[in-house]
Amino acid sequence: TKTVNVTNNKAPQAKIIADEVYCVSNEISFDITTEDDSVINFLWEFGDGASSSMRTPKHIYKSAGNYEISLNIESEASCSNVIQKSVSIYEEPEPGFHTNKNTYCSFEEISFINTTAGEYGEIVEWSWDFNGEGNSKEKNPKFAFETVGIKNVKLTVKVLGCEQILEKELNIISGPAVAFSYDNTCLGAEVRFSDRTHGVGIVSYQWDFGNGEMSKAQNPSTVYSTGGIYKVGLKVKNENGCENFLEQEIVIYDQIIEDVFVHQVIENVPFMPELSFIDNQQFEIASYLWRLGEEVSDEANPIFTLANSGDHKLNVKLETISGCVFTYDKEIFVEEAVSPTTLFLVAQEICQEENLLISNQ
């Protein structure tokens with residue numbers, strides 16, 4: 001059994017001020033926060049053999065690792081306390097990257113594969129500069145140069161203030177700028193594709209229409225037998241050996257009309273049907289043809305009046321500027337008109353020049 005004598009003096013309390021993660025070569029400034037004004041002595045142990053007796057020392061770790069910092073503080077009354085804190089030190093980044101190609105063509109998407117060593121998680125920042133023609137913050141970006149020549153690609157890697165840069169040059173030769181258009185998306189009709197590629201020395205075209213059909217023609221056509229979304233791809237090759245590809249989605253509609261909306265329809269009261277289109281798309285309509293009983297209209301927003309109550313069939317036929325024809329039938333119910341019953345109150349007797357008050361009931 002041993003006896004410990006506890007004095008009335010209180011040991012100083014403090015907290016180390018420092019981040020938990022740093023990079024090798026970072027100069028770390030340490031400080032403390034304390035409400036004890038009586039602290040007079042400080043002894044820092046940085047976990048790598050170095051120490052300091054300053055209140056706010058600075059220290060640089062020479063190698064990566066996890067370090068346990070210990071601070072011994074002493075008050076005027078010779079009371080002491082030990083505060084500890086852990087810090088992690090990371091290696092300076094060593095940027096590295098390569099590409100998925102040996103020959104580089106303009107308008108060709110190049111994949112840049114980042115080979116920077118180390119796992120830094122969210123504390124790393126990637127910054128790519130593609131010869132001033134574009135940039136990216138992604139780890140493994142893709143980029144297409146639109147002009148030929150020697151291009152400087154720069155990767156900057158920053159970890160907690162430590163920044164390293166790697167630059168490489170790529171020689172970009174002329175490649176085709178692939179583009180195409182098409183004239184309509186009618187179901188069962190011929191869809192004509194037009195090559196809009198820019199570039200010289202084109203030697204081949206390869207089309208994939210997404211419906212199982214292909215073509216090597218420059219301006220081909222195809223027919224889609226079912227509606228839906230199709231991915232159409234065009235691959236163009238030039239005499240330099242550059243082969244670029246473009247894919248677009250086209251929609252073949254078997255119907256563009258989603259519904260025909262009518263408000264309450266009452267016999268002998270004019271009403272106007274309203275069209276709504278699938279996917280809320282705006283189609284360029286060349287002509288309208290509405291039929292409702294004996295009434296026919298070619299207006300975009302017709303007004304009809306029905307004299308007989310009951311069920312009626314409304315039909316609309318649309319033709320787009322590309323020649324696609326769509327029809328839609330709508331059953332509407334016409335309510336029987338009911339004459340309103342009038343009811344109002346008025347005084348039974350009034351004087352001359354007296355205002356007559358009428359109350360509608």
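How many bridges join strand β19 to β22, and in which sense do the two strands run? The model is predicted.

1. Strands β19 and β22. Strand β19 covers residues 190-195. Three bridges join β19 to β22, and the two strands run antiparallel. Two of the residue pairings can be named. V191 has T222 of β22 as its bridge partner, and R192 stands opposite S221 in β22.

2. The sheet around β19. The pair belongs to an open sheet of three strands, in the order β18-β19-β22, with antiparallel pairing. The edges are formed by β18 (180-182) and β22 (221-223), each of which pairs on one side only. On average, neighbouring strands of this sheet are turned by 25° against each other, direction ignored. On the β18 side, the pairing with β19 is antiparallel and runs over three bridges. There, F180 has D195 in β19 as its bridge partner.

3. The two faces of β19. Which residues of β19 lie on its covered face, and which on its uncovered face? The covered face holds V191, F193 and D195. The uncovered face holds E190, R192 and S194.

4. E190 is partly exposed, with a relative accessible area of 39%.

5. K330 and D259. Another salt bridge joins K330 to D259, with the closest N and O atoms 3.2 Å apart. This pair links distant parts of the chain: K330 is in strand β31 (residues 325-335) and D259 in strand β25 (residues 257-261), 71 residues apart. D259 counts as partly exposed, at 24% relative accessibility. As for networks, salt bridges that share partners join D183, E190 and R192 into one.

6. K151 and E133. K151 forms a salt bridge with E133, and the closest N and O atoms of this pair are 2.8 Å apart. Here too, distant parts of the chain are linked: K151 is in strand β16 (residues 149-159), while E133 is in the loop between β13 (124-130) and β14 (135-136), 18 residues apart.

7. The five-strand sheet. A second open sheet has five strands in the order β26-β31-β30-β28-β29, and its pairing is mixed. Its edge strands are β26 and β29 (295-297), each pairing on one side only. Within this sheet, β28 (residues 285-292) and β30 (residues 310-320) pair in the antiparallel sense over seven bridges. In this pairing, L292 stands opposite L314 in β30.

8. E267, a buried charge. Where is E267 found? It is in the loop between β26 (265-266) and β27 (274-277). E267 is buried yet has no salt bridge. The nearest side chain of opposite charge is that of K330, 20 Å away. A salt bridge needs the two atoms within 4 Å, so K330 does not qualify as a partner for E267. The side chain of E267 does reach the backbone nitrogen of S309, at 3.5 Å. Leaving aside neighbours within four places in sequence, E267 is in contact with L306, A307, N308, S309, V334, E335, E336 and A337.

9. S75, a buried residue in a strand. S75 has its place in strand β8 (residues 65-75). Why does S75 count as buried? Its relative accessible area is 3%, and buried means under 20%. Not counting residues up to four places away in sequence, S75 touches P12, S38, V39 and I40.

How values were computed. Residues numbered from 1 in each chain as written. Predicted model: local features only at pLDDT ≥ 70, side-chain atom pairs only at ≥ 80, totals over all residues. Heavy atoms only, no water. Helix = DSSP H or I, 4+ residues; strand = E, 2+ residues; numbered from the N terminus. Buried < 20%, exposed > 50% of the residue type's maximum accessible area, 1.4 Å probe, protein only. Lys, Arg positive; Asp, Glu negative; His and termini not counted. Polar contact = N/O pair within 3.5 Å; in protein donor to acceptor, adjacent residues only side chain to side chain. Contact = heavy atoms within 4.5 Å. Pairing = 2+ DSSP bridges. Axes fitted to C-alpha atoms, helices over the stretch in contact; angles between N-to-C directions.
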